[in-house]
Amino acid sequence: MTASLAPESTASRSAGTATHATRLIGIATIVMMAWTAAFGLLFSPADRDQEDAVRIMYVHVPTVWVAYLAFVVTALCSAFYLFRKKHGLGFDRVAGASAEVGVVFMALTLITGMMWGRLTWGVYWQWDARLTTTALLFVSYIGYLAVRGLGGTHHQRAKRSAIVGLLIVIEIPLVHWSVKLWRTLHQEASVMNPNGDVKIDGLMLFSLFIGVIAFTLLYLWLVMHRSRSMAMEDLLEDEGLDEALAARRAEAVAS
Amino acid sequence: MIAMEDAGFVIGSYVITFAVVGALAWRIVRRGRELAPRVDDADKYWT
């Protein structure tokens, strides 16, 4: 692949990775984030048992939702890359961008969960099944990003990271159902539980819904921008390699 | 109003969350702006 990168090129060059669609999503995200803060901190009522500590739920649950979503998208794109006849690097870039965003949201899940735990359990951390499997999931995806950073061609990177992405996604059901499989301190899911019943209602459910929408929009916006940056990084890397090879050939001819 | 004994943790969790996602968004946009002038629009599938 050869990009048009010559400094003297007069072709038009836009300023970044934004488009009309990302701007619209960005504005919607900011509005929804403001609503999340307003509903989470002001409008929603305190819980009967947990009192105001429950307000952490309106950021904690959306962050773990986005982390799960991001890792599932990474796995799906990995599968598309591996099993489609034409191994498109676009799938690999979305997989990588999604994993990067997912790792940040997983870290936020752990941090906000620790703060919630401090208020409700009296400790920041317990080696309980849910917390331990979540920490394992977080470390696994850091490993996935490390694998992406190893050397080689773009397709070598894509192939090995796709295999890792498909292997580690199976941890997600383990994390989600850990509260059912083992006796844990962590409460069962209030909304997405295996029985399908919703254990919160009214303004609390609405506040949670606003948070989930806000963070999902943010995820979409971040992945669109990051995958576009990755495409440019790949182009520039190819061009740098082409230049280095040309310089080496010129040296060989001269000597 | 949020009970005073919980306020630090509750507000802190929101501040940390919004600060981290804000920093991530800023970093990603800045990276795109650094790279975009070095690549022609013809090579950007989104333009």
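What pLDDT does chain A average, and what share of the residues score at least 70?

## Confidence

Chain A averages a pLDDT of 88, and 91% of the residues score at least 70. The pLDDT is the predictor's confidence in each residue, from 0 to 100. Residues 1-6 of chain A fall below 50. Beyond near neighbours in sequence, this stretch has 19 contacts in the model. Two residues are in contact if their C-beta atoms, placed from the backbone, lie within 7 Å.

This is a predicted model, in which local features need pLDDT of at least 70, side-chain atom pairs count only at pLDDT 80 or more, and totals for chains, interfaces and linings use all residues. Residues are numbered from 1 along each chain as its sequence is written, while chains are lettered from A and ligands numbered from 1 in the order in which they are written.

## Chain A overall

Chain A has seven helices and zero strands. Helices (H or I, at least four residues) and strands (E, at least two) are DSSP runs, numbered from the N terminus. The C-alpha trace of chain A spans about 80 × 40 × 35 Å along its principal axes.

Of the 255 residues in chain A, 40% are buried. A residue is buried with 20 or more other C-beta atoms within 10 Å of its own, exposed with 12 or fewer, and partly exposed in between; C-beta atoms are placed from the backbone. Among contacts in chain A with a separation of 6 or more, 80% join residues 24 or more positions apart.

## Helices H4 and H6

In chain A, helix H4 (residues 129-148) packs with helix H6 (residues 171-181) at an angle of about 170°. Their axes are 8 Å apart. Axes are lines fitted to C-alpha atoms, for helices over the stretch in contact, and angles run from 0 to 180 degrees between N-to-C directions. H4(A) is therefore roughly antiparallel to H6(A), a term for angles over 145 degrees.

The H4(A) side includes Leu136(A), Leu137(A) and Ser140(A). The H6(A) side includes Ile172(A), Leu174(A) and Val175(A). By class, this contact has eight nonpolar, four polar and two charged residues. Ala, Val, Leu, Ile, Met, Phe, Trp, Tyr, Cys and Pro count as nonpolar, Asp, Glu, Lys and Arg as charged, and the others, Gly among them, as polar.

## Glu51 in a loop

Glu51(A) lies in the loop between helix H1 (20-43) and helix H2 (57-83) of chain A. Glu51(A) is not a glycine, yet has a positive phi of about 55°. Most residues other than glycine have a negative phi. Glu51(A) is partly exposed, with 17 other C-beta atoms within 10 Å.

## Contact between the chains

Chain B gives 32 residues to the contact and chain A gives 40 residues. The chain B side has 19 nonpolar, five polar and eight charged residues.

Conventions:
Parallel < 35°, antiparallel > 145°, perpendicular 65-115°, else oblique.
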